[in-house]
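Dear colleague,

Please find below the structure that I am handing over to you. My notes on it follow directly after.

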Amino acid sequence: MKVFKNATVYVDGKGLKKCTVTFDDTIQSIGRKGKGEEIELPKNAIVLPGFIDQHVHGAGGADGMDGTVEDIAIIAETLAKEGTTSFLVTTMTQSKENILKAMNSVKDYRAAAKKEGARVVGIHLEGPFINAAHKGAQPLEYVAAPDVAVFDEYNEASGNAIKIVSLAPEIDGAETLIKHLCEKGVVASIGHTGAKFKDVENAVAAGAKNVTHTYNAQSALHHREIGVVGSAMLINELNCELIADTIHVSVPAMRLLVKNKFTDKISLITDAMRAKGIPDGESELGGQKVFVKGGEARLADGTLAGSVLRMNKAIENVVTKVGVPFEQAVEYATINPARLLGIDNEVGSIKVGKRADFVVINDKYEVLLTVRDGEVIYKA
């Protein structure tokens with residue numbers, strides 16, 4: 001048994017409070033007293049639920065599309081350094097052979113039940129069912145039409161680990177796939193799309209629940225056609241992913257989104273690629289050269305190619321630059337993605353019975369300690 005004694009803790013339903021948290025692999029008690037091995041924390045420490053990144057491609061020089069257990073392990077251990085305890089290995093538009101390889105590697109990694117690094121809770125299949133005109137940094141030659149049989153092939157290869165599928169709802173076959181995903185308990189996410197309001201409305205009626213990296217690689221808001229961006233703000237059922245690096249989305253645009261969405265309908269994501277956590281320079285994404293400099297990752301033509309954002313930095317940005325209250329910003333990275341993925345009974349908040357997943361930060365948003373299932377997976 002371990003104990004955070006008389007610490008500042010973000011307790012589910014009660015906000016920040018001074019208390020003692022006792023835990024083994026799950027949280028045993030939250031109150032004034034607790035017995036166990038005390039984990040000493042500095043006075044400016046804040047104990048938060050472990051962060052959940054539902055959209056991250058890579059980190060530490062590794063990418064989910066590399067298709068090996070070893071590369072996933074590198075990503076998992078790198079993400080632990082920023083307080084992330086759960087994540088979705090995110091793929092991209094590629095050949096069927098490469099996507100199947102990535103699916104199999106996630107299946108093998110999860111079967112190995114590794115204790116080091118953040119937990120892989122599944123896969124975010126970003127593409128290939130997208131609109132070529134809004135491909136962003138996705139390779140054009142591998143864009144494919146929505147196909148239920150192809151999705152099923154990928155999902156079977158993954159051990160039924162796919163949790164989110166990003167797709168363009170205006171493409172023929174998308175509505176059928178969205179309904180199929182809904183039946184399978186998989187989140188259909190509107191992304192890399194030129195959809196108009198009616199397309200989005202129909203997708204939501206079919207079961208779509210999420211918008212992939214809101215504002216990026218999608219039809220913009222216009223006063224005669226509100227597109228995906230306007231629809232994301234207007235339709236309450238849609239959860240909105242947000243890359244809060246101030247590069248992919250400007251601060252005023254973030255403020256606009258926050259003003260127009262319920263607090264439980266925004267998920268902070270990093271959308272990070274393999275260059276996160278390593279020095280600036282030339283990198284790679286889906287067989288394309290990426291150049292990383294000053295926190296920006298771009299293709300040779302200037303297209304943004306994922307990010308090198310850390311989740312703790314994303315929270316800092318939405319608090320200090322966007323003006324979001326601290327506790328609300330924390331929920332953007334914890335309970336909101338947990339609810340979307342249907343894992344909020346296990347993770348996403350500090351509550352008795354849930355997994356002992358914590359991140360401890362200081363008043364400068366620096367990660368001091370990351371705990372997963374009661375074991376320290378990172379210490380600064």
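**Findings: an aromatic cluster and one glycine**

F358 has a relative accessibility of 0% and therefore counts as buried, the cut-off being under 20%. Please keep in mind that this is a predicted model.

The structure contains four aromatic pairs. In one of them, the ring centres of F4 and F358 are 5.3 Å apart and the planes meet at 85 degrees, so this pair is edge-to-face. F4 belongs to strand β1 (residues 2-11) and F358 to strand β20 (residues 358-361), so the pair ties together parts that lie 354 residues apart in sequence. Both F4 and F358 are buried.

F358 also pairs with F23, and here the arrangement is tilted, with 4.9 Å from centre to centre and 55 degrees between the planes. This pair again links distant parts of the chain, since F23 is in strand β2 (residues 15-23) and F358 in strand β20, 335 residues apart. F23 counts as buried as well, because its relative accessibility is 0%. Together, F4, F23 and F358 form one aromatic cluster.

A separate point concerns G58, which is located in strand β7 (residues 58-59). Is G58 buried or exposed? With a relative accessible area of 0%, G58 is buried. Leaving aside neighbours within four places in sequence, G58 is in contact with D63, I75, A272, M273, R274 and K276. By C-alpha positions, G58 and A232 are 26 Å apart in space, and 174 residues separate them in sequence.

Yours sincerely

Terms used. Residues numbered from 1 in each chain as written. Predicted model: local features only at pLDDT ≥ 70, side-chain atom pairs only at ≥ 80, totals over all residues. Heavy atoms only, no water. Helix = DSSP H or I, 4+ residues; strand = E, 2+ residues; numbered from the N terminus. Buried < 20%, exposed > 50% of the residue type's maximum accessible area, 1.4 Å probe, protein only. Contact = heavy atoms within 4.5 Å. Phe/Tyr/Trp six-rings, centres within 6.5 Å; stacked < 30°, edge-to-face > 60°.
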